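This report describes selected features of one protein model. Please keep the structure in view while reading.

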Amino acid sequence: MHQGKLRIYFGYAAGVGKTYAMLQGAQEAKANGIEVVLGYIEPHARPETSQLALGFESISAKEMTYRGLRFSEFDLDATLRRKPQLVLVDELAHNNVTGSRNKKRFQDIEELLRAGIDVYTTLNVQHIESLMDQVQQITDIQVNERIPDYVFNEADQIKLVDIEPDDLLERLHKGKIYNKVQAERALNNFFTLEKLFALREIALLKTADQVNNLANKQQVDAKVGFAKEQILVCVSSSPSSPIVIRAAVRLAAAFKAELTALYVSEEGDESLSHEERKSLRQNLRLAEQLGAKVSVVYGTGLAEQISEYAKTSHITKLVIGKTPEKRNFGGVSFIDKLGQLAPELDIYIIPYTKAGYQNFSRIRKFPTIHFTFSDLFKTIMVLFACTLVGLIFDYWKFNVSNIITIYILGVQINAVITRGRIFSVISSVLSVLCFNYFFTVPYFSFEVFNNSYPVTFAIMLTAGLITSTLIKRIQNQVKMNAEKSYRTELLLQANKDLQIPESVPEILSATARSLTHLLEKDVVVYPVENEVLQNAVFFPATQSNQTLETYQRLKENGVADWVLHNNKRAGATTNTLSASKYLYLSVRLKNRIFAIIGVSMLDGIEIEPFEKSVFLSILGEAGLALEKEVLRSEQQQTVIEMKQEQLRANLLRAISHDLRSPLTSISGNAKLLMENHNSFNEPRKLELYSYIYDDSMWLISLIENLLAVTKLESNVALNLQVNSIEEAITEALKHVDRHINEHQLKTILSDEVLFAKMDSALIVQVIINIVNNAIKYTPKGSTITLMAERLKNSIQVEIADDGEGISDVAKTKIFDLFYTADKNPDSKRGLGIGLSLCKTIINSHSGEIYVKDNKPKGTIIGFNLPLVEVDINGWKS
């Protein structure tokens with residue numbers, strides 16, 4: 001299905017005439033024979049606009065109720081059912097009422113475009129996401145209805161609707177835009193001459209950029225080997241982060257660069273509050289929505305992590321928020337340190353004007369205090385042990401420095417065995433107090449007579465705090481390294497698991513198991529075949545009590561079907577069908593969708609940034625594995641088809657060559673009989689008749705074999721019925737080569753009536769082919785024995801001769817297609833399909849065919865068929 005085309009009528013403020021211009025464009029399209037339907041036009045109560053809308057077919061608005069109020073919304077489903085060539089939908093940036101399928105109107109329009117419907121719509125400059133900050137600085141108004149930049153950038157046409165700001169204000173004064181009350185409010189806020197001029201300038205520049213982008217799309221870039229710019233924007237939970245992201249998006253658009261959003265998870269991230277985590281997820285989602293690739297790295301040292309990522313990812317420009325001028329012990333600020341670590345980077349610093357907030361370099365709050373009585377008890381016991389050892393050292397007259405060392409050692413031990421830093425601080429302070437109380441003069445008091453002791457106390461406290469801090473940092477580093485290892489192991493294990501399966505269902509099962517292990521959430525998988533959803537397969541998490549039945553009661557297969565046909569994620573935590581209980585994504589590679597995977601969100605816990613990145617990586621790995629498997633299956637099918645084509649070619653070549661002899665013989669002998677029937681005696685005539693008969697029977701046998709081959713290759717269902725093997729043998733012997741009379745035929749059948757489930761016509765053909773083969777390759781007067789007996793749960797049929805036998809080499813090839821032995825001078829008349837056909841028929845009956853030597857000489861060709869027991873008048877046979 002072709003993609004619909006999007007035309008945006010773009011303006012810098014309300015009232016410039018966007019809807020009017022859109023309706024004029026619709027009139028022109030209608031005049032050119034295009035089917036135009038009004039999807040939704042904002043009721044502005046402007047007479048000129050209303051007059052222009054007359055004469056068009058329109059889709060009735062969908063009435064919705066929210067919090068007791070009635071709202072009229074664009075009816076997406078009705079439009080999709082109507083499916084016109086062109087539909088007009090006003091206000092691209094509109095937020096839909098809660099309960100709608102999509103949260104944003106631009107998502108409705110995307111569905112229309114994917115359905116092949118062209119769309120005209122309207123948009124103001126303040127509604128573009130990346131321009132929000134600029135507009136807010138100009139107007140002091142935060143716009144809540146916004147669209148991602150890609151919607152504007154990917155539009156097929158941008159029609160700028162422009163009007164002089166003076167003329168716009170005049171229209172406002174005349175009441176052509178708002179009523180009197182609204183107009184007065186607008187004049188005092190948004191509609192001032194300075195603001196309108198600034199907004200108009202932004203709109204003109206944005207339009208010019210888009211026109212340039214559209215022109216570039218239609219040209220092939222001739223710069224071979226051009227190194228594309230790579231821009232990195234740093235993201236955090238800070239309220240300034242959205243401003244930094246939007247600035248980076250504008251920069252990426254200006255440089256036509258690829259944009260990556262990076263979040264560095266450092267020590268202390270576990271102390272982030274719920275609101276901060278929510279803000280972080282929103283910022284990462286904003287970056288993703290604006291077209292950035294999101295990456296998450298873990299480690300200590302913000303500058304080190306950013307610079308290392310920039311180097312490995314070949315980043316050329318870095319965008320960060322303005323950091324506070326906080327310097328370390330060497331007097332180097334964060335920006336200076338970053339510049340030293342990555343001198344090749346162009347660093348762009350985005351200021352944040354709102355007071356009370358810090359920017360990207362996160363000022364860490366004190367971590368959450370983890371206070372437990374067990375850790376307090378450990379601290380007291382370690383302090384008691386150190387004091388006891390100190391008293392022993394004092395009794396033995398050890399130097400006081402040894403006692404100080406014991407207390408510092410105790411602080412280190414305490415840092416290892418307790419959880420929170422608070423206990424390290426408590427241990428350091430109490431160690432100083434105990435040392436003062438027990439080991440300084442005057443004893444058993446906190447007074448100090450020696451002037452050097454305060455210095456000793458300070459050094460002791462500092463040493464204790466530093467060592468405990470270092471130990472805690474090492475512990476955190478070990479923990480982070482363990483988490484890194486765990487996450488790396490998850491990815492490696494997922495990759496390994498996806499390489500083992502050899503079928504699509506196995507790959508999807510391995511993917512689902514990896515996701516349940518990573519997310520600890522239920523996962524449901526919908527395989528996709530021929531662009532149609534198959535039955536859901538449910539994979540519960542370890543501790544889950546959900547089942548496929550409980551999932552099916554949610555009736556969410558419609559969400560999965562929407563994802564399939566729109567190739568977009570939907571469900572919980574998204575802006576589409578957000579009332580769902582599962583988050584649905586597609587397993588795809590490029591535009592080929594292999595499955596839809598749903599992840600349970602019943603617990604209300606959103607997927608963390610890292611888990612999300614690993615989640616998407618696993619889906620990417622699954623897409624690669626599935627494409628590889630599909631390509632492998634297609635390649636196997638191609639090989640099979642090539643082999644079949646080769647077999648057909650060989651068969652046709654053999655037939656066209658070998659049919660000449662019998663046909664020439666038949667036609668020649670018939671001609672002799674017609675021309676000389678009076679001159680030939682009776683023996684001569686009988687000889688010619690026998691030649692014609694033999695060649696005719698050879699042709700009939702060949703045709704029967706070819707028909708059987710065609711039946712088997714066409715996968716025609718076998719006519720399997722329970723029949724007696726004795727009847728098949730009797731029928732076959734009626735149609736064997738007439739030269740059987742030149743041999744001695746013996747038939748040895750079991751006294752027991754043997755039944756098998758078989759296609760009688762094909763089994764008869766097998767017996768005929770094997771017997772004729774024995775007749776053909778044994779001399780006159782030889783004995784041919786046909787035997788049938790029961791072997792446990794099978795029937796064994798063997799045709800034995802006492803001819804010269806066949807070589808071991810011939811035994812390995814005798815059932816190959818087109819293989820013929822060379823010993824018989826008449827072998828040139830054999831196409832070598834008879835015994836090959838026998839093997840195919842027996843295998844299709846779940847039997848086995850074989851060849852072996854007959855003692856003392858000759859050959860035995862036999863086959864087995866599964867035995868079937870039949871009740872005949874109460875007797876089992």
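A residue is called buried when its relative accessible area is under 20%, exposed when it is over 50%, and partly exposed in between, with a 1.4 Å probe and protein chains only. Cysteine 838 is buried, because its relative accessibility is 0%. The model is predicted: local features need pLDDT of at least 70, side-chain atom pairs count only at pLDDT 80 or more, and totals for chains, interfaces and linings use all residues. Residues are numbered from 1 along each chain as its sequence is written, and side-chain values use heavy atoms, with hydrogens and water left out.

**Cysteines**

A disulfide is a covalent bond between the sulfur atoms of two cysteines. Here it is taken as a pair of cysteine sulfur atoms within 2.5 Å, and the count by this rule is 0. Cysteine 386 is in no disulfide, and the nearest cysteine sulfur, that of cysteine 434, lies 9.1 Å away. Cysteine 386 has a relative accessible area of 8%, so it is buried.

**Two helices**

Helices (H or I, at least four residues) and strands (E, at least two) are DSSP runs, numbered from the N terminus. The expected span of a helix is 1.5 Å times one less than its number of residues.

| Helix | Residues | Span between end C-alpha atoms | Expected span |
|---|---|---|---|
| α10 | 241-255 (15 residues) | 21 Å | 21 Å |

The buried residues of α10 include Ser241, Pro242, Val244 and Ile245. Just after α10, lysine 256 adopts a positive phi of about 50 degrees.

**Serine 586**

Serine 586 belongs to strand β18 (residues 582-589). Its relative accessibility is 9%, so serine 586 counts as buried. Its side chain makes a polar contact (a pair of N or O atoms within 3.5 Å; within protein, one must be able to donate a hydrogen and the other to accept it, and residues adjacent in sequence count only if both atoms are side-chain atoms) with the side chain of arginine 588, at 2.9 Å. Leaving aside residues up to four places away in sequence, serine 586 touches Val563, Asn567, Ile593, Ala595, Ile596 and Leu619, where contact means heavy atoms within 4.5 Å.
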